[in-house]
Amino acid sequence: MNLLLLSNSTQHGRGYLEHALESVTGFLPSGARLAFVPYALADHDAYTARVRDALTGAGIDVRGVHEGGDPLARLGEADAVFVGGGNSFRLLSALYRTGLREALIKAVRGGLPYVGASAGTNMAAPSLRTTNDMPIVEPPSFEALGLVPFQINPHYLDPDPGSTHKGETREERLREFLEENDVPVLGLREGSWLRVEGERAVLGGERDARLFRRGAPPRELAVGSDLSELLGVRGEFDTRS
């Protein structure tokens with residue numbers, strides 16, 4: 001498979017996709033017809049226009065899958081697909097409703113390049129369970145696309161030792177996940193991404209990442225780290241430690 005999984009699409013102080021534009025345009029085929037999946041936000045037209053504005057200068061032809069009335073046909077015409085960020089529950093619910101979930105699995109496993117950002121990166125994991133989002137809608141299942149066999153937590157935030165907030169830190173929430181599930185979780189800090197090409201996975205971007213495994217302390221991963229071993233894991237869900 002050919003995947004580019006971004007933690008975020010907008011970096012502080014920069015425009016949409018600006019921090020990753022070179023990697024995104026280098027990943028996409030030259031002159032690509034890009035099917036954009038806007039379902040994580042409510043205004044599909046405005047969202048698609050935003051992506052089109054960011055990529056048109058690079059010669060990328062952006063087409064929203066909602067345009068023309070047949071999302072599956074739009075996907076079938078594409079040279080690559082980009083699943084944008086927003087609310088992961090809303091996005092996954094729409095993928096089930098439109099039939100795009102199964103279509104994406106088949107197309108991407110068949111070689112269609114896949115770009116995900118935030119919620120779109122969550123979709124690449126087996127389950128929705130490590131999203132940061134509020135469940136504003138109820139999808140038929142938490143089962144996502146499963147393009148990689150491990151979980152991802154985009155927008156990963158490190159614990160702040162000076163904070164007076166008494167809610168769970170991101171690390172505590174991921175540890176809770178691992179109490180019930182035995183599958184690695186890759187915490188992607190903002191500005192980082194994962195590049196998967198065939199059987200190789202490499203951490204890219206501007207910031208290091210953090211890997212969580214059951215029964216082990218979190219491990220820091222430097223940009224450029226080879227994470228190919230994660231592509232061979234077999235996760236177990238709903239299993240207590």
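Reader: Which residue in strand 7 is the bridge partner of Ile152?
Author: Strand 6 and strand 7 (residues 185-188) run in the parallel sense, and three bridges link them. (Strands are DSSP runs of E, at least two residues, and helices are runs of H or I, at least four, both numbered from the N terminus; two strands pair if DSSP finds at least two bridges between them.) Look across from Ile152 into strand 7, and the bridge partner is Leu186.

Reader: Before we go on, how are residues numbered, and what sort of model is this?
Author: This is a predicted model, where local features need pLDDT of at least 70 and side-chain atom pairs count only at pLDDT 80 or more, while totals for chains, interfaces and linings use all residues. Side-chain values use heavy atoms, with hydrogens and water left out, and residues are numbered along each chain as its sequence is written, starting from 1.

Reader: So which sheet does strand 6 belong to, and in what order do its strands come?
Author: Strand 6 (151-153) sits at an edge, as does strand 11 (219-221), and each of them pairs on one side only. Neighbouring strands here are turned by 25 degrees against each other on average, direction ignored; axes are lines fitted to C-alpha atoms, for helices over the stretch in contact, and angles run from 0 to 180 degrees between N-to-C directions. It's an open sheet of four strands with mixed pairing, and the order is 6-7-10-11.

Reader: Helix 7 (residues 170-180) lies across that sheet; at about what angle does it run to strand 10?
Author: Helix 7 lies across strand 6, strand 7 and strand 10 (209-212). Against strand 10, helix 7 runs at about 30 degrees.

Reader: Let's move to strand 1; how many of its residues are buried?
Author: In a regular strand the side chains alternate between the two faces of the sheet. In strand 1 (2-6), Asn2, Leu4 and Leu6 are buried on one side, and Leu3 and Leu5 on the other. The strand is largely enclosed by the rest of the structure, because the buried count is five of the five.

Reader: Which residue in strand 8 is the bridge partner of Leu6?
Author: Strand 1 has a parallel partner in strand 5, over four bridges, where Leu3 bridges to Tyr114. Strand 8 (residues 192-197) pairs with strand 1 in the antiparallel sense over five bridges. There, the bridge partner of Leu6 is Trp193.

Reader: Within what arc do the buried residues of helix 5 (residues 100-109) fall?
Author: Those residues are Leu100, Arg101, Leu104, Ile105 and Val108.

Reader: Leu95 lies in helix 4; what is its relative accessible area?
Author: Leaving aside neighbours within four places in sequence, Leu95 is in contact with residues including Leu100, Arg101, Leu104 and Met123. The C-alpha atoms of Leu95 and Met123 are separated by 9.7 Å, though the two are 28 residues apart along the chain. Leu95 is buried, with a relative accessible area of 0%.

Reader: And overall, what radius of gyration does the chain have?
Author: The chain has seven helices and 11 strands, and 49% of its 241 residues count as buried. By the globule rule (2.2 Å times the number of residues to the power 0.38, with the radius taken over C-alpha atoms), a compact globule would come out near 18 Å. The chain agrees with that, at 17 Å.

Definitions and conventions: Contact means heavy atoms within 4.5 Å. Buried means under 20% relative accessible area, exposed over 50%, partly exposed in between (1.4 Å probe, protein chains only).
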